[in-house]
Amino acid sequence: MERQIVKSKLALRMPSEEATADDLPLAQDLLDTLAAHAHECVGLAANMVGIRKRVIAFDNAGTPMAMLNPSILEKTGAYETDEGCLSLPGTRHTTRYQRILVRWQDLSLAWQERWFEGWTAQIIQHEVDHCNGILI
Ligand SMILES: [Zn+2]
């Protein structure tokens, strides 16, 4: 089910809570909402649809992917870039990393850990920031 996008900075600045099995439908809603906004958006965090849970969905090099409780364990190769956000107007300057080691729970709630790089890594960093209440 597609959900409405939240644009309140106050709400977006509140960190999200640990996700559980109850949040699996939410992960699907994020994938649906991402698909509905595919022309303007490459990633979403649950607080962007008003639910303060640590769930994200993003475009993984052409394949939609959802993560529960993602965290970035390691990062290498800092660079400066400008990013947009569906919840905010315009673009903003930020520091990102070329390669990141991410730990998360998949849609079977199994823990996964692997490196992502480039554009996908940048999207994940943006969405994990959202989970932590950080806006670029
Ligand atoms: Zn954003």
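View 1. The largest pocket has a volume of about 240 Å³. Here a pocket is an open set of points on a 1 Å grid over the protein atoms alone, where a 1.4 Å probe fits and protein lies on both sides within 12 Å along at least five of seven lines. Its volume is the space filled by probe spheres set on the points, with grid points joined across faces, edges and corners. This is a predicted model, in which local features need pLDDT of at least 70 and side-chain atom pairs count only at pLDDT 80 or more, while totals for chains, interfaces and linings use all residues. Residues are numbered from 1 along each chain as its sequence is written, and side-chain values use heavy atoms, leaving out hydrogens and water. A lining residue has an atom within 4 Å of a point. The lining divides into seven nonpolar, five polar and four charged residues; Ala, Val, Leu, Ile, Met, Phe, Trp, Tyr, Cys and Pro count as nonpolar, Asp, Glu, Lys and Arg as charged, and the others, Gly among them, as polar.

View 2. C85 (SG), H126 (NE2) and H130 (NE2) are the protein donors, 2.0 to 2.2 Å from the zinc ion. Donors are N, O and S atoms within 2.8 Å of the metal (3.2 Å for Na, K and Ca), and the site may look incomplete because water is not among the atoms. Along the chain, the donors follow the spacing C-x40-H-x3-H. Both histidines, H126 and H130, sit in helix α3 (residues 118-131), four residues apart, about one turn of the helix. Helices (H or I, at least four residues) and strands (E, at least two) are DSSP runs, numbered from the N terminus. H126 is buried at 8% relative accessible area, and H130 is buried at 1%. Buried means under 20% relative accessible area, exposed over 50% and partly exposed in between, with a 1.4 Å probe and protein chains only.

View 3. Strands β2 (residues 55-60) and β3 pair in the antiparallel sense over six bridges; two strands pair if DSSP finds at least two bridges between them. A57 has A66 in β3 as its bridge partner. The hairpin of β2 and β3 has two residues between the strands, and A61 in the turn has a positive phi of about 50°. Next, 14 bridges join β3 to β4, which run antiparallel, with E80 opposite T95 in β4. Two residues make the hairpin link from β3 to β4. Strand β4 (residues 88-105) also pairs with β5 (residues 111-117), antiparallel over seven bridges, and Q105 has W111 in β5 as its partner. Five residues lie between β4 and β5 in their hairpin, where L109 takes a positive phi near 70°.

View 4. R96 is found in strand β4 and is buried, with a relative accessible area of 3%. Its contacts (heavy atoms within 4.5 Å) include Y79, E83, Q125, H126 and D129, not counting residues up to four places away in sequence. The C-alpha atoms of R96 and T76 are separated by 9.1 Å, with the two residues 20 apart along the chain.

**View 5. S16 in a loop.** S16 is found between α1 (9-12) and α2 (24-36). Is this serine buried or exposed? S16 counts as buried, at 10% relative accessibility. Leaving aside neighbours within four places in sequence, S16 is in contact with N47, R52, K53, R54 and C131.
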